[in-house]
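Trainee: Hi! Could you walk me through this structure?
Mentor: Happy to. Take a look here.

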Amino acid sequence: MSVEEGMSTPENTSKMTPAPVEKSDAQWREELTPEEFHVLRQAGTERPYTGEYWDTHTEGVYQCRACGSELFTSSEKFDSHCGWPSFWAPLAEGTVRYLHDRTMGMDRVEVRCATCDSHLGHVFEGEGYGTPTDQRFCINSVSLRLVKADEA
Ligand SMILES: [Zn+2]
């Protein structure tokens, strides 16, 4: 996992990713609900246990709510009981990017969509959940849209 420094622009995204999606705040505000805009574009956090997917076990693929990129699948989702959807890995390397987040007096690693640079959540390591990677991608439901396997 390569972690980038600070709030950089999406220029350094991996060659594996699709063409970057770049829109102005005004465009995003038009396309997203106020809650989606707050979380995805202003790095907000939904309240725990309130989101749509924290307790979802349905099979399918989780897309970025802002741009539709496929980010996570139900195969890597696990029950962390933290109140947000948790995954032990992204769908593939290069679908998300990592940034150091030193806001709120904490040193965390922020996870963003590699395609549209929207905020998804944070990744934590070494918490002992016993998952294959020992990582927990703690993602806001409002940043995701589940496409169920039987609807795909
Ligand atoms: Zn996106």
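Mentor: Strands here are DSSP runs of E, at least two residues long, numbered from the N terminus. One caution: this is a predicted model, where local features need pLDDT of at least 70, side-chain atom pairs count only at pLDDT 80 or more, and totals for chains, interfaces and linings use all residues. Residues are numbered from 1 along each chain as its sequence is written.

Trainee: In which sense do β6 and β7 pair?
Mentor: Antiparallel, with six bridges between β6 (residues 96–101) and β7 (residues 108–113). Two strands pair if DSSP finds at least two bridges between them. The two form a hairpin with six residues between them, and Met 104 in that turn has a positive phi of about 60°.

Trainee: And how many bridges join β7 and β8?
Mentor: Four, again in the antiparallel sense. Glu 110 stands opposite His 122 in β8.

Trainee: Where is Cys 116, then?
Mentor: In the loop between β7 and β8.

Trainee: Is Cys 116 buried or exposed?
Mentor: Buried, because 21 other C-beta atoms lie within 10 Å; the cut-off for buried is 20 or more, for exposed 12 or fewer, and partly exposed is in between, with C-beta atoms placed from the backbone.

Trainee: New topic: what is the average pLDDT?
Mentor: The protein averages 92, and 91% of the residues score at least 70; pLDDT is the predictor's confidence in each residue, from 0 to 100. Over residues 8–15, though, the pLDDT is below 50. Where pLDDT is low, the predicted coordinates should not be read in detail.

Terms used:
Two residues are in contact if their C-beta atoms, placed from the backbone, lie within 7 Å.
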